[in-house]
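Here is a walk through one protein model, written for someone who would rather look at the structure than at a table.

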Amino acid sequence: MCSRNINGGGVNPLIVNRNWTLEQFKIIMNPEVLTQINGFYLCGTFGDPMMNSELLDMCRYAKEIKTDIRIHMHTNGGARKAEWWAELAKVLPADHMVTFGLDGLADTNHLYRVGTNFDTIICNAKSFIAAGGQAEWAFIKFKHNEHQVEEAQQLAKALGFARFNLKASSRFIIEPRVKVVNRQGEITHYIEPSTDTTMKFIDKKAIDNYKQIVKDAAIECQVLKTKEVYIDAYGDFYACCWLANTPYTHISEDASFEVRKKIKKQHENMVAHLGEVNTLKRSIKDIIDSPEYQNIWTDMWSGENKNIICARSCGKHLETEISKCSDQFLEIISLDE
């Protein structure tokens, strides 16, 4: 269900593999930026940050510029050897957290985290924690793993994870049953939401009436509150990861086809209005301070062309409550003694 691939099978043709180099990281996250931010997330929207060959050096550089910076990473934990994970723990600043996406145990995790090996992930996590790393176990609850929540929480505590984050996916809002395919396009199994989900699925009638739903949405921008920005693997700057996903959304001929086309068109208009948003060519400061960036939100959050992504992600809906983020937190449990 990730935008990087199509139903777990072939790679999304709209995405081109790209790795930031250390030099590019220094251009984007220069001392002026690092010294005035609390921290940054490497969230792996289109991939896993642990695959970057210069990640350790990026962490060393950031910590050298600002010793008390906070670094948070998200990973499926399947890449690299245990020794590398121990080194990661040593180069991270004191204020850090690495979130391992572990959606089940040995017999279920791979059903959603396709291609990963549970034993390898646990070995890597143990090495990271033993070397002083702070780790979080993030568990997305589905129908196929909901019976394992308590056992996974107990295992997380035994392994030394700092906290256990139980989440519910909202990526089922259009279809409550999603097929999973292999590289040959053959269906291997299906993914379904947990049986106790409170999600309100969007039926065809709601899709047909999306214009009214968007019109009724009062947008309360989360980024406006958190003071965060998002930069993708290509160096392009966006207000958030939800807006950044749009260029790489694979549009299929389904019930939501017209809505997705409208979203794509809104994205093109936004980028055209903002001008250059690549942070390798234009600094974060220049982009944020530009009149174009400061003034675009009035139009995006109101009127006839209210942005659909903004309404879906940060909208207060009068008729239908559509999910406010890709994965909703249900409960974060501290596992510290």
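## Two helices crossing

Let's start with a crossing: H4 and H6 pack in a right-handed way (right-handed if the near helix is turned clockwise from the far one by less than a right angle, left-handed if anticlockwise). Helix H4 covers residues 82–91 and helix H6 covers residues 118–130; the angle is about 35° and the axes are 7 Å apart. Axes here are lines fitted to C-alpha atoms, for helices over the stretch in contact, and angles run from 0 to 180 degrees between N-to-C directions.

Who touches whom? On the H4 side you'll find Ala 82, Glu 83, Trp 85, Ala 86, Leu 88 and Ala 89, and they meet Cys 123, Asn 124, Ser 127 and Phe 128 of H6; contact means heavy atoms within 4.5 Å. By class, that contact has seven nonpolar residues, two polar and one charged. Nonpolar means Ala, Val, Leu, Ile, Met, Phe, Trp, Tyr, Cys and Pro, charged means Asp, Glu, Lys and Arg, and the others, Gly among them, are polar. An α-helix has 3.6 residues a turn, so residues three or four places apart point the same way.

## The whole chain

Bear in mind that this is a predicted model: local features need pLDDT of at least 70, side-chain atom pairs count only at pLDDT 80 or more, and totals for chains, interfaces and linings use all residues. Residues are numbered from 1 along each chain as its sequence is written, and side-chain values use heavy atoms, with hydrogens and water left out.

The protein chain has 15 helices and 12 strands, taken as DSSP runs numbered from the N terminus (helices are H or I with at least four residues, strands are E with at least two). Of its 337 residues, 48% are buried, where buried is under 20% relative accessible area, exposed over 50% and partly exposed in between (1.4 Å probe, protein chains only). Among contacts between residues at least 6 apart in sequence, 73% join residues at least 24 apart.

## Under cover, and far apart in sequence

Helix H3 (residues 55–65) has Leu 55, Leu 56, Met 58, Cys 59, Tyr 61 and Ala 62 as its buried residues. Their cover includes helix H1 (22–28), helix H2 (31–34), strand E1 (39–42), strand E2 (70–75) and H4.

Asn 245 sits in helix H11. Leaving out residues up to four places away in sequence, Asn 245 touches Ser 3, Thr 45 and Phe 46; Phe 46 is 199 residues away in sequence, yet the C-alpha to C-alpha distance is 8.7 Å. Over in helix H9 (residues 210–216) is Asp 216, which counts as buried because its relative accessibility is 17%.

## Cavities

How many cavities of 30 Å³ or more are there? The count is four. A cavity is a set of points on a 1 Å grid over the protein atoms alone where a 1.4 Å probe fits but cannot get out, and lining residues have an atom within 4 Å of a point.

The largest cavity is about 100 Å³, and of its 13 lining residues Cys 221, Cys 240, Leu 243, Cys 310 and Cys 314 are the closest to its centre. Helix H15 (308–314) and helix H11 (241–245) each supply at least two lining residues, with H15 giving the most, four. This lining has 12 nonpolar residues, one polar and no charged ones.

Notes: 1 Å grid on protein atoms, 1.4 Å probe; cavity = no way out; pocket = protein on both sides within 12 Å on 5 of 7 lines; lining within 4 Å. Points joined across faces, edges and corners; volume = space filled by probe spheres on them.
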